[in-house]
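Me: Could you take a close look at a single part of this model for me? I'd like one connected walk through a strand and its surroundings.

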Amino acid sequence: MTQLAAATASASATTFADRTPAGLTLARLDGLELDPAPINPDWVLEGEPRARAVQLAQGDDRYASMSVWDCTAGRFNWYFGCDEAVYILEGSVTVTGPDGETRVLSAGDTGYFPAFSWFEWHVPDYVRKVAFCHDVVPPLARLPVKVLVRLSHIADRLYTAAFGPRTAPGDRKAR
């Protein structure tokens, strides 16, 4: 069985999310049990929207996560405390930005919401999305990360100059 076939078979048997020793998270989105994730009542503008969510994965540094979220009909404001990219799985939502621009996201659409922004959400019937969230690192904390990344690039160049390009595990190409 190929690695891809094994991963597909593993994913079909997974009812929730399963993380492999290498860190790959596989999840089945059908049949997920979502937990109540109430919308702040002060944000609700119309209706009684009921939201639910389940986190599927989280990065080791806890700055990135992937979740499934759904919501019934209603209109509400939503504050994005992190950068969030969404993929609409089912239903639709009309979002209105702080500049007044309105867009409709339907099944198959993607959207990106920047951290620290407010958007109005109008869910006419139901919406279900996969959300990929990334917490924003404060500007002062970015400097050490930039230095480490730069040093890592320098170390990679030195390694390549001394030993040749790195090869992926299982790569049988001769150096």
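Reply:
**Around tryptophan 69**

Leaving out residues up to four places away in sequence, tryptophan 69 touches Leu34, Ala51, Arg52, Ala53, Phe76, Trp121, Val127, Arg128 and Lys129, where contact means heavy atoms within 4.5 Å. A word on the basis: this is a predicted model, in which local features need pLDDT of at least 70 and side-chain atom pairs count only at pLDDT 80 or more, while totals for chains, interfaces and linings use all residues. Residues are numbered from 1 along each chain as its sequence is written, and side-chain values use heavy atoms, with hydrogens and water left out.

Trp69 is also among the members that touch the most others in the largest nonpolar core, which has 20 residues; Cys71, Phe76 and Trp121 are also among them. Such a core is a set of buried Ala, Val, Leu, Ile, Met, Phe, Trp, Tyr and Cys residues joined through side-chain atoms within 4.5 Å, buried being under 20% relative accessible area with a 1.4 Å probe, protein chains only. β6, β7 (83–96) and β10 each give this core at least two residues, and β10 supplies the largest share, six.

Now the pairing. Strands are DSSP runs of E, at least two residues, numbered from the N terminus, and two of them pair if DSSP finds at least two bridges between them. Strand β5 (residues 51–58) runs antiparallel to β6, joined by seven bridges, and alanine 53 has tryptophan 69 as its bridge partner in β6. With strand β10 (residues 117–134), β6 pairs in the antiparallel sense over 16 bridges; here cysteine 71 is partnered by valine 127.

Note on methods
Helix = DSSP H or I, 4+ residues; strand = E, 2+ residues; numbered from the N terminus. Buried < 20%, exposed > 50% of the residue type's maximum accessible area, 1.4 Å probe, protein only.
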